[in-house]
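Thanks, everyone. Let's take a quick look at one structure. Here it is on the screen.

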Amino acid sequence: MLDLLSCGYHHVHPDGITIDRPKGAGNYAFVFFKSRAEVIVRGRSMSVEPGTHIVFGPNTPHLYRELERPFANDWFHCVGEEMGELIAELEYPLDEPVKAVDALQISRGVIELRRVQSNGGRLAGRILDLELRGFMMKLANATQAAPLPEKVSGYYGAFVDLRSSLFNAPHERTSVEELASRVNLSKSYFQHSYKQFFGVPVMTDMIAARLEYAKYLLKNSRLSVAEVASLCGYDNDTHFMRQFKKYVRVTPKRYRDAGEAAEIGQRAESYSPP
């Protein structure tokens, strides 16, 4: 089980700071640099830019200090025998600087760790264990993804939020132009960047979000097909039925009927005669 010892979000040091651990921290130390810094690991000096994170091993000699003031960072310390196994399994580069793909995701993760630790409670330890594992998995997943072009990487966090909004509110009628305006980009550049980030065109995600919601409503409500179409952001049910058939391969009615048939079959299998 992983245990969070301490953490800090956006600590600002107006006069700079030097952290010197010649024998290591004795635990796993995560640092997310928001300012330029010099980092020395086992005697090897390197300069890291803002938006870089490092996980130092418990016995790794290291030092870091500011190269600009004020110096700001996010950080946490954790322990647990399973941490080393997790890092090895995830193939995360221990003791090496890694450029963040989504800085907002990292800071949100640290904020959540601090919130759970501060609130306490009977299940806090188990929650922190899961949060730490999830945090490391997200770091590794982003690290192993294809590197983003420098020109668009700064928009990644905004695009992640925007994509989440598409799937969280599929009923909202919006256009690609409106989405592009939210991140202050032209329509063509927005579409190009969206596909670079997520591997699919934005229209594909917009349709997928609507149809996933439609499938949920068809399975879990008695709304008419026209009502489902309206709730999923379609102007008319004819367009909805055509798009549903094209991507799901069956009509909305047949999809609902198949779900009901499967449910009846499951009930029959679970029924035991007296």
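Start at Glu 91. This residue follows helix H1, and its phi is positive, near 60°. Keep in mind that this is a predicted model.

Now step back into H1 itself, residues 81-90. Which residues of H1 are buried? They are Met 83, Leu 86, Ile 87 and Leu 90. Look down the helix axis. The buried residues of H1 fall within an arc of 95°, so they line one face of the helix. The general point is simple: an α-helix has 3.6 residues a turn, so residues three or four places apart point the same way.

Next, a helix pair. H5 covers residues 156-168, and H7 covers 187-198. Their axes are 11 Å apart, and the packing angle is about 90°. That makes H5 roughly perpendicular to H7. From H5, the contact uses Tyr 156, Phe 159, Val 160, Leu 162, Arg 163 and Leu 166. From H7 come Phe 190, Ser 193, Tyr 194, Phe 197 and Phe 198. By class, that contact has 9 nonpolar residues, 1 polar and 1 charged.

Last, confidence. The chain's mean pLDDT is 88, with 91% of residues at 70 or more. Over residues 270-274, though, pLDDT is below 50.

Note on methods:
Residues numbered from 1 in each chain as written. Predicted model: local features only at pLDDT ≥ 70, side-chain atom pairs only at ≥ 80, totals over all residues. Heavy atoms only, no water. pLDDT = per-residue confidence, 0-100. Contact = heavy atoms within 4.5 Å. Axes fitted to C-alpha atoms, helices over the stretch in contact; angles between N-to-C directions. Helix = DSSP H or I, 4+ residues; strand = E, 2+ residues; numbered from the N terminus. Parallel < 35°, antiparallel > 145°, perpendicular 65-115°, else oblique. Nonpolar A, V, L, I, M, F, W, Y, C, P; charged D, E, K, R; others polar. Buried < 20%, exposed > 50% of the residue type's maximum accessible area, 1.4 Å probe, protein only. Arc of directions from axis to C-beta.
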